[in-house]
Amino acid sequence: MAVGGSLRLSWRIAFGRLESDAAFEQLLALVRAHRGVIDELALFDDLVHAVYIPLEEVARRAELLARRIRALKELGVPSVGINVLATIGHADEGLDIVPEMPFPPMVGHDGAISKGCACPNSAEFREYIRQKYTLMAQAEPDFIWVDDDIRMHHHGAVDYGCFCPICLELFAQQVGRHYSREALVAALNDPAQARLRRAWIERNIRTIESLLQEIGQTVRRVNPQITLGLMTNGPGWTTYSGVALERWFTALGATKARPGGGFYSDANRLGIISKALELGRQRAALPKTVDDCQYELENFPYQLLKKAARSVVHEGTLALAVGLNGVAFNALGMWGANPPDEFAGILERVHEVRPLWERLVAHIQNLPTVGLWPAWTPQLMARRRLRPGEDWFAEDRLYQIGQPTVLAEIGLPLSVERMGSPAILAGRVAEAFSKAQLRAMLAKGALLDSVALEVLEKLGLGELAGVRLARRYDNGVLERFTQDPLNGEYAHQVRDARIDFFWRQDRRGMADVLEPLDPNVRVLATLETYTGQGLGPCMTAFENPLGGRVVVMGYSPWQFIHSLAKRNQLVNVADWLSRGELPVRIKDPVPLTPFVRMARSRRRGLIVLLNHGLETIPQVRIEVRSPMPVRLAEPWREILFPQEQGGELILHNIPPWSTVCLFVGKVVVP
Ligand SMILES: [Zn+2]
């Protein structure tokens, strides 16, 4: 993707702030006071997440939006457009107050029927959508956002759609055989029907593709100058809809993207890390035609005390660090009865940080993220294997692509694009890759858990990991660190993740013994019972004949890795796997998460450090592997480290819940 080199700050405005003149006057006052941080305003057309509004009401709203757009443009806002809240419908919301849908509903795999979300394929629905978007385009917006209800999963009562008669007929045309809903679901749950599962995901992709194509054509028919944007959901939620970003953005003709996913409040503050990575993954999958990619800043339903303004600022900083160029703030409240001033604190913080963000975007334009790459593919659900008795639709920890995110909490940089980094294979995600793809990963370097090892063994690739899965335990065990140099000063110490305590239902891959297949396999840890009986190796390192370095983890691979001994080991392992090519090493055990973008030459880059802890870090040693000077920049301080050959920096007094930006190389001032 060729995301633009300039920062874009966009604010989404609830319909409740637009409808009455009194509420709109309050909005205008807010906009006047904060013009400096408003590059773009996206006006919602609705307050309810169900799909249907009668067309005469759509027409009334379009006329209202047209007036509001003109007024905001007259105020000097450079870009004002419309955010169509519902296209298919997000949820079964307000069903007692919204009119019944006059077109067929979305139907779930279990027969559930949505009352707020439509089947995207009926002729009646498509006609309605053409008229709705025609009216919106006639309001003369600079752009139109299509919201993230363009998905085939999680629509109100429906978990996985659409199994209505129309969609079943389209599928029959696609595969040459007609299924009833019940027969199709049974076939999709048949381990032998891998091809059918792929075809069904392809059906989902095509449904979305054709809907978006229709919307794009409709808008361009009214005015080809209107820019189109598509909001998307991340693959960490599910890949059921196909995550075919290249095809979908092309079909819509969209040049704006707003990837999304999670982190609504500070209640789960570490969600800020997984969200940044989830959005970065979507950014990395966009076609090159997209030149504006905005972070989903989501405070819905806008209860001010749920998220600190500083969290909002950190989200923006991390968004830029994973390659987006802007932020779409959904943070200014819903209802005109509540004046928008209560959210002014957020805008004020954005004023403070804007100059830094401008520099940041200019400095790291087009640089890739660098770090270990948690492997994922849009085809995960389409290509995964199914064993007898398994439910394809059920959630399963072993297929969660976010499991390795925990490595970021202990200081390892994770990348969102492949770029030759060592891969991380967690759980059964490896099933979705071809044997050749996996072999290539193992030839480069990989960190895997013992469930992934099982997948590799089935493909005949186990030898490249140097070990085989010998025995599986599920209670009363811990791991003990060996004297291998990768364990540093922590030899003989133990890590006890209390797997029987925390994983009562599902302990697959939590305590596995690995048997070395090669005398050169290094054992990093052994499994041991609480009574002191040794059970064999549970973590190993191996340099295989393809030249790749592979580490296998058999004991609680993604949980409770935060002890000093484990952190030290995994930081050493990451350096060993990547042959020292990771651009940064946080040398002390502190709760800093690095996000890194770096040129291959190491002469230009950025390292954002998030202190996700709740204490000040008085001092920390950071090794920056670059020959260039490093400049620490925060909105309130700036320090130049004029190092000649890279090396160790010492940072002092990093406040709790804060970010520090380290600019590597000559800083471009925009
Ligand atoms: Zn349908």
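Start by selecting aspartate 148 and arginine 151: their side chains meet in a salt bridge at 3.9 Å, N to O. A salt bridge here is a side-chain nitrogen of Lys or Arg within 4 Å of a carboxyl oxygen of Asp or Glu. Aspartate 148 counts as buried, at 10% relative accessibility, and arginine 151 is buried too, with a relative accessible area of 6%. Buried means under 20% relative accessible area, exposed over 50%, and partly exposed in between (1.4 Å probe, protein chains only).

A word on what you are viewing: this is a predicted model, where local features need pLDDT of at least 70 and side-chain atom pairs count only at pLDDT 80 or more, while totals for chains, interfaces and linings use all residues. Residues are numbered from 1 along each chain as its sequence is written, and side-chain values use heavy atoms, with hydrogens and water left out.

Next, select arginine 60 and glutamate 19, whose side chains form a salt bridge at 2.6 Å, N to O. This pair links distant parts of the chain, 41 residues apart: arginine 60 sits in helix H2 (residues 55-74), and glutamate 19 in the loop between strand S1 (8-13) and helix H1 (21-33). Helices (H or I, at least four residues) and strands (E, at least two) are DSSP runs, numbered from the N terminus. Arginine 60 is partly exposed at 36% relative accessibility.

Now try valine 406, in helix H12 (residues 406-409). Is valine 406 buried or exposed? At 10% relative accessibility, valine 406 counts as buried. Beyond its neighbours within four places in sequence, valine 406 is in contact (heavy atoms within 4.5 Å) with Trp558, Ile561 and His562.

Zoom out and colour the chain by domain: domain 1 (8-364), domain 2 (373-577) and domain 3 (586-664), with bounds from an automatic or database domain assignment. Where domain 1 meets domain 3, 22 residues of domain 1 are in contact with 23 residues of domain 3. To find the domain 1 side, select Arg269, His363 and Ile364, which lose the most area to domain 3.

For a last stop, select Asp575, Arg585, Lys587, Glu623, Arg625 and Glu648, which are linked in a network of salt bridges. The whole structure holds 53 salt bridges.

Definitions and conventions: Buried area is the accessible area (1.4 Å probe) that two parts lose on being put together, summed over both.
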